[in-house]
Amino acid sequence: MGVSLDELGVKLTEIISEYAKDVQDDILKRFDETADEILDYIFKNCPRGDSGSNHLADSFVKTEVGSGINKTIYISSKT
């Protein structure tokens with residue numbers, strides 16, 4: 001027995017929706033990873049004080065606002 005056009009449309013919609021969700025999840029994961037990589041770079045490359053401490057790098061934080069596709073990540077100094 002064949003598949004009706006309505007059934008085919010429903011199935012294609014399900015496949016596309018699942019694919020779009022997977023892509024969105026991958027993008028959000030990479031977004032978080034990129035912010036962490038930026039913080040890591042700051043920690044490794046910030047000027048150090050005379051005592052060898054990384055005082056400037058220690059002041060940087062990652063702040064997440066929102067969620068999902070409306071998520072924004074700020075990297076800024078606490079001071």
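Asp 25 and Lys 21 both belong to helix H1. They sit four residues apart, about one turn of the helix. In this predicted model, their side chains meet in a salt bridge, with an N to O distance of 2.9 Å. Asp 25 has a relative accessible area of 35%.

Glu 37 pairs with Arg 30. The closest N and O atoms of this salt bridge are 3.0 Å apart. Both residues are partly exposed, Glu 37 at 44% relative accessibility and Arg 30 at 41%. Salt bridges with shared partners also build one network from Asp 32, Asp 36, Lys 62, Glu 64 and Lys 71. In total, the structure holds nine salt bridges.

Glu 14, Glu 18, Asp 22 and Asp 26 make up a patch of negative charge on the surface. Members of a patch have no salt bridge and over 30% relative accessible area. One of the four, Glu 18, is found in helix H1, which spans residues 5-45. Glu 18 has a relative accessibility of 54%. This value places Glu 18 in the exposed class, because it is over 50%.

Strand S1 covers residues 60-65 and strand S2 covers residues 72-77. The strands run antiparallel and are joined by six bridges. Within this pairing, Val 61 has Ser 76 of S2 as its bridge partner. S1 and S2 form a hairpin with six residues between the strands. In this hairpin, Gly 66 adopts a positive phi near 85°. The salt-bridge network described above includes Lys 62 and Glu 64, and residues 60-65 make up S1.

How values were computed
Residues numbered from 1 in each chain as written. Predicted model: local features only at pLDDT ≥ 70, side-chain atom pairs only at ≥ 80, totals over all residues. Heavy atoms only, no water. Pairing = 2+ DSSP bridges. Helix = DSSP H or I, 4+ residues; strand = E, 2+ residues; numbered from the N terminus. Patch = residues over 30% accessible without salt bridge, like charges linked within 9 Å, V, L, I, M, F, W, Y side chains within 5 Å. Areas by Shrake-Rupley, 256 points an atom, 1.4 Å probe, with all protein chains shown as cover. Salt bridge = Lys/Arg side-chain N within 4 Å of Asp/Glu carboxyl O. Lys, Arg positive; Asp, Glu negative; His and termini not counted. Charge placed at Lys NZ, Arg CZ, Asp CG, Glu CD. Buried < 20%, exposed > 50% of the residue type's maximum accessible area, 1.4 Å probe, protein only.
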